[in-house]
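Please read them with the structure open beside you.

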Amino acid sequence: MAMKVVALAGNPNVGKTTIFNALTGLRQHVGNWPGVTVEKKEGVLEYNGQKFLVVDLPGTYSLTAHSIDELVARDFLLKGSADVVVNVVDATALMRNLFLTMEILEMGLNNVIIALSKVDLAEKHGIEINVKRMEEVLGVPVVPVNGKEGVGLEELKEKIYEMANGVLHERPVVPKYDPEVEREIEHITGVLQGTPLAEKYSLRWLAIKLLQRDDSVIKLVLRHLGSEKLDEIMGHIAEVEERYKRAMDLIIASQKYEFIDNLMHRFVRYTKEEGESFSDQLDSVLTHPVYGLIALFGVFYLVFKFVFVFGLPLQELLDNAFSSFGEWLAPHIANEALRGLIVDGIIAGVGSVLSFFPLVFLLFLALSVLEDVGYMARAAVVMEKIMRKFGLPGKSFIPLVLAFGCNVPAVMATRTLDDERDRLVTMLVNPLIPCSARLSVISFLAAAFFAGHQALTAVSIYATAVLMALLVAWLLSRFVIKGEESPFIIELPEYLIPSWKTVTLHSWERSKEFIKKAGTIILLGSMAIWYLSSYPVQMGTGGSYAERLGMFFEPYMRLMGLDWKAAVSLLFGIIAKENVISTYGIIYGSEEAIVGAMTPLQAYVLAMVTTLYVPCIATIGAIRAESNWKWAAFTVVYMIALASIVGIIVWNVGSALGY
Amino acid sequence: MLERVLKLLEEGKDVDEIAGELNVPREEVVGAMEVLASMGYIERVGAGEGACATCPLRNFCPGSCFRFKGKVYTVAEFRLEKSSGK
Ligand SMILES: Nc1nc2c(ncn2[C@@H]2O[C@H](COP(=O)(O)OP(=O)(O)O)[C@@H](O)[C@H]2O)c(=O)[nH]1
Ligand SMILES: [Mg+2]
């Protein structure tokens, strides 16, 4: 005798797999549903000496057949492949879950058992469910379960056994709609009556699906009844929609929700939680446009504080290790040019960048924790509110948040913006957001020149950059007519304590790339800089290529208190922003020499200018690829102008204040 | 209620405002949004997963596509055209 089949159906994430595992133990098989790449899990349940084949259907919110998952689940149920359908219902979000339940019952199934999962959580949320009343109201057995702790599983197995063997009978409720809709259902049912379809399907279900203009049901009816009958039905539906002036599928879904709401009043009570929960209160502060922004600054100040306090000692250690290594290696290399290249070029350049690895790692660690805790989503809400005020569309916040990591994927992410002008504005202001490469430059200068105030220095530069991005966006969107504002909803995740394993793993994944970059782009850059500073004659004579190049720009740099060395560094920084550090490392040879040569104000100007001047080559390329070379050139020009203006103002105001 | 949630979303209300207005728990508003999304009336916006996976620099970039745990939705384009077309 073939095994009876038990199907598990439900919304995603309700505990289906947990229950599946508890029912089948280790007797599982994972494959694919025929013809599609949706995972099919099957296992065997044994109860009272009888074996059942348990199938874990894909999790779906409805059976509208808009996705492959829905189609797979729906076809399985529709074909009557299951002897018992266990509908797993998450007690913490009943309405949403019962929507699927109603779609299942509407198919005319009368072998459904509801497994009410997460009852433990529901209790915590103050949701009181009268299971007995729920059974009466829905007309199907309801078994409260907690798959994680094995509660209720025996009863569930017993019910499955009884249902499969015809001992248990049920009279499920089916959703009722407004009289008008009901009249249409009745009319279509009448047309379908007496056709071969009547033997295989619930006519009511077919009628409702036709009203919702469900593609596969339309095809089904066409196959069985021919185009004449179908045209008659569809013509009728068109009239109905004309009368309603709204899409039928939304009307039906909405009334189904109404129906569920009415049922639920009879078996659910929301016991009053005393006031708002702590997490709600926290949210209202963290997502507030003013307090939220203050919190944002506070959090990022603490992040930088953390990064500097723990990262700087390690950075110094690494920096010293690289210098000592260079000093030790030098006497071993006989060829003078080669020695110069390796010790003064590669080790000084790449080493100075690599020594920032601890800071980069710690920053990513802190950000990962903030993401996992759920803070980043709150920060995003604040940013989104502010961005709207500056005329940026809500959607552009994603590309802008990405930009804190790297501007290149951020520019590409502007593709999610449908409106061409919104997209352009977002793309053009994007490079103003300091990416993680600029973070190394900012931390380098903050650490070397602002002992004790590194975090404040870094936050002030970030804040200025973000403010500039908002201002430019505001200016651009004043001259570019804005498109339709599209509503944008961020659903906040629950606060969670992060898992250290995922956090460290993720931070490592990210910071690994930093090392890779040091070994490729920064390495080549360092070699080039060393060459330019050593040929045709040694630096210091005014005759090296680097000096000649830098001297050309020096008069301009003087306007913001900087010299030719800054000019050369910034030029190389166009290839990759970290090159600003490696260039300084190579030109000066050591951090002490750099500190001796500049005032804190000059360092601050340099950090600011590095943050705001031209995008790196890769970003320029990305902008060109996503728009055209004119916009790429425009970005370069406006950023140079902006960085110059900010640099000149900071330098002159700072000098006037006596710094 | 589904239609009302959709309408409020189109007006730019956020989840908490809608929950307050309809006097239902926030989880159920989120649930209604999942159902609306599965019907195609609102759309999930990828928060960066795609951008980094297809980035030409992914092999040697200094790190860092942000993970973002919240779900982000917008109202489907065809709904907006309809409401602005009136
Ligand atoms: N508190 C609680 N959590 C549960 C229960 N059942 C499942 N979960 C959790 O809910 C999440 C989703 O479970 P899963 O079985 O993967 O759901 P599926 O997506 O429906 O297959 C997991 O984190 C489970 O640990 C339950 O009865 N109580
Ligand atoms: Mg699962």
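How many salt bridges does the rule count over all chains?

1. The count comes to 23 salt bridges over all chains, where a salt bridge is a side-chain nitrogen of Lys or Arg within 4 Å of a carboxyl oxygen of Asp or Glu. This is a predicted model, in which local features need pLDDT of at least 70 and side-chain atom pairs count only at pLDDT 80 or more, while totals for chains, interfaces and linings use all residues. Residues are numbered from 1 along each chain as its sequence is written, chains are lettered from A and ligands numbered from 1 in the order in which they are written, and side-chain values use heavy atoms, with hydrogens and water left out.

2. Chain A is assigned domain 1 (4–164), domain 2 (179–270) and domain 3 (291–656), with bounds that come from an automatic or database domain assignment. The centres of domain 1 of chain A and domain 2 of chain A, taken over C-alpha atoms, are 25 Å apart. Their contact (heavy atoms within 4.5 Å) takes 25 residues from domain 1 of chain A and 21 residues from domain 2 of chain A.

3. Between domain 1 of chain A and domain 2 of chain A an area of about 2,200 Å² is buried, with 65% of it given by carbon and sulfur atoms; buried area is the accessible area (1.4 Å probe) that two parts lose on being put together, summed over both. M95(A), F99(A) and E106(A) supply 29% of what domain 1 of chain A buries against domain 2 of chain A, more than any other three residues.

4. The rule finds five salt bridges across this interface of domain 1 of chain A and domain 2 of chain A. E106(A) also forms a salt bridge with K256(A), with their side chains 3.0 Å apart, N to O. On the side of domain 1 of chain A that touches domain 2 of chain A, at least two residues each come from α2 (68–78), α3 (94–106), β7 (127–129) and α5 (131–138) of chain A, helices (H or I, at least four residues) and strands (E, at least two) being DSSP runs numbered from the N terminus. α3(A) gives the most to that side, with eight residues.

5. Ligand 1 is surrounded by 15 residues, the closest being N13(A), K16(A), T17(A), T18(A) and D120(A), where a residue counts if one of its heavy atoms lies within 4 Å of the molecule. Oxygen atoms of ligand 1 lie 2.8 Å from a polar backbone atom of N13(A), 2.9 Å from a backbone N or O atom of G15(A) and 3.2 Å from a polar backbone atom of K118(A).

6. Two backbone features deserve a look. K118(A), in the loop between β6 (112–117) and α4 (119–124) of chain A, has a positive phi of about 60° although it is not a glycine. The peptide bond from Y535(A) to P536(A) is cis, with omega near -10°, and P536(A) lies in the loop between α22 (500–534) and α23 (545–558) of chain A. Most residues other than glycine have a negative phi, and most peptide bonds are trans.

7. K157(A) and E154(A) are joined through their side chains by a salt bridge of 3.5 Å, N to O. These residues are separated by about one helical turn, because they are three residues apart in helix α6 (residues 153–164) of chain A.

Notes:
A polar contact is a pair of N or O atoms within 3.5 Å; within protein, one must be able to donate a hydrogen and the other to accept it, and residues adjacent in sequence count only if both atoms are side-chain atoms.
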